[in-house]
Amino acid sequence: MAETNYFPRRLILGGAVITGVLLALAVHMLGARYGLDLGGLWRSDTRDFMPAGAAIAWWLIASVGFTGGYFTATLMDSAVSGQIPQRMRQFLIAIGVLVLAGAGQAASAPSPLPTVSGVLAGIAALVLGALVAFCGAYFALRKA
């Protein structure tokens, strides 16, 4: 009878957080290319309370980071015991590579944001992505 193998919980948590952060940063870079920038929060030239693009960017980054961490932790937990078919694993890896390649292409072009607000927006996206990816992975591991 085959034994069920398990990854250490910290390894699953760390991998899920890293994946969630990478996906959140990829969405931040792609969103900035299409006008959804967090830098709108630090602009003083707008008369609005908060630009809608900045609010949508916050929610988009947070939701992608959370779901990325949650689903990665769930998949890593179930992949060890062999519950995920090989084709599904290959499909998910290909989707992740395509998203990160699109973000790399978007990041290689000149930035549409000014330098200071672009750096602040990148740091804010990194912190937000790490926080919500950790929460998503933690909830997934508590459920498992």
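The lining of the largest pocket draws at least two residues from each of H1, H2 and helix H3 (86–108). Helices here are DSSP runs (H or I, at least four residues), as strands are (E, at least two), and both are numbered from the N terminus. The model is a predicted one, in which local features need pLDDT of at least 70 and side-chain atom pairs count only at pLDDT 80 or more, while totals for chains, interfaces and linings use all residues. Residues are numbered from 1 along each chain as its sequence is written, and side-chain values use heavy atoms, with hydrogens and water left out.

The largest pocket has a volume of about 600 Å³. A pocket is an open set of points on a 1 Å grid over the protein atoms alone, with protein on both sides within 12 Å along at least five of seven lines; a cavity is a set of points where a 1.4 Å probe fits but cannot get out, and lining residues have an atom within 4 Å of a point. Grid points are joined across faces, edges and corners, and a volume is the space filled by probe spheres set on the points. The pocket is lined by 19 residues, and Thr-19, Thr-72, Leu-75, Leu-92 and Ile-93 lie nearest its centre. H3 gives the most to this lining, with eight residues. By class, the lining has 13 nonpolar, five polar and one charged residues, where Ala, Val, Leu, Ile, Met, Phe, Trp, Tyr, Cys and Pro count as nonpolar, Asp, Glu, Lys and Arg as charged, and the others, Gly among them, as polar.

Thr-72, one of the residues nearest the pocket centre, lies in helix H2. Thr-72 counts as buried because its relative accessibility is 15%; buried means under 20% relative accessible area, exposed over 50%, and partly exposed in between (1.4 Å probe, protein chains only). Apart from neighbours within four places in sequence, Thr-72 is in contact (heavy atoms within 4.5 Å) with Gly-15, Ala-16 and Thr-19.

Helix H1 (residues 9–33) and helix H2 (residues 52–80) pack at an angle of about 150°, with their axes 7 Å apart. Axes are lines fitted to C-alpha atoms, for helices over the stretch in contact, and angles run from 0 to 180 degrees between N-to-C directions. Residues making the contact include Gly-15, Ala-16 and Thr-19 of H1 and Gly-68, Gly-69 and Thr-72 of H2. The contact has eleven nonpolar, eight polar and two charged residues.

H2 also packs with helix H4 (residues 115–143), at an angle of about 35° and with the axes 7 Å apart. Among the residues that meet are Trp-58, Phe-66 and Tyr-70 in H2 and Leu-128, Val-132 and Phe-139 in H4. This contact divides into 16 nonpolar, four polar and one charged residues.

A search of the whole structure finds one cavity of 30 Å³ or more. The largest cavity has a volume of about 40 Å³ and is lined by Val-27, His-28, Gly-31, Leu-36, Ala-57, Leu-60 and Ile-61. H1 and H2 each supply at least two residues of the cavity lining, which by class has five nonpolar, two polar and no charged residues.

The chain holds four helices and zero strands. Of its 144 residues, 31% count as buried. Residues 24 or more positions apart account for 84% of the contacts in the chain with a separation of 6 or more.
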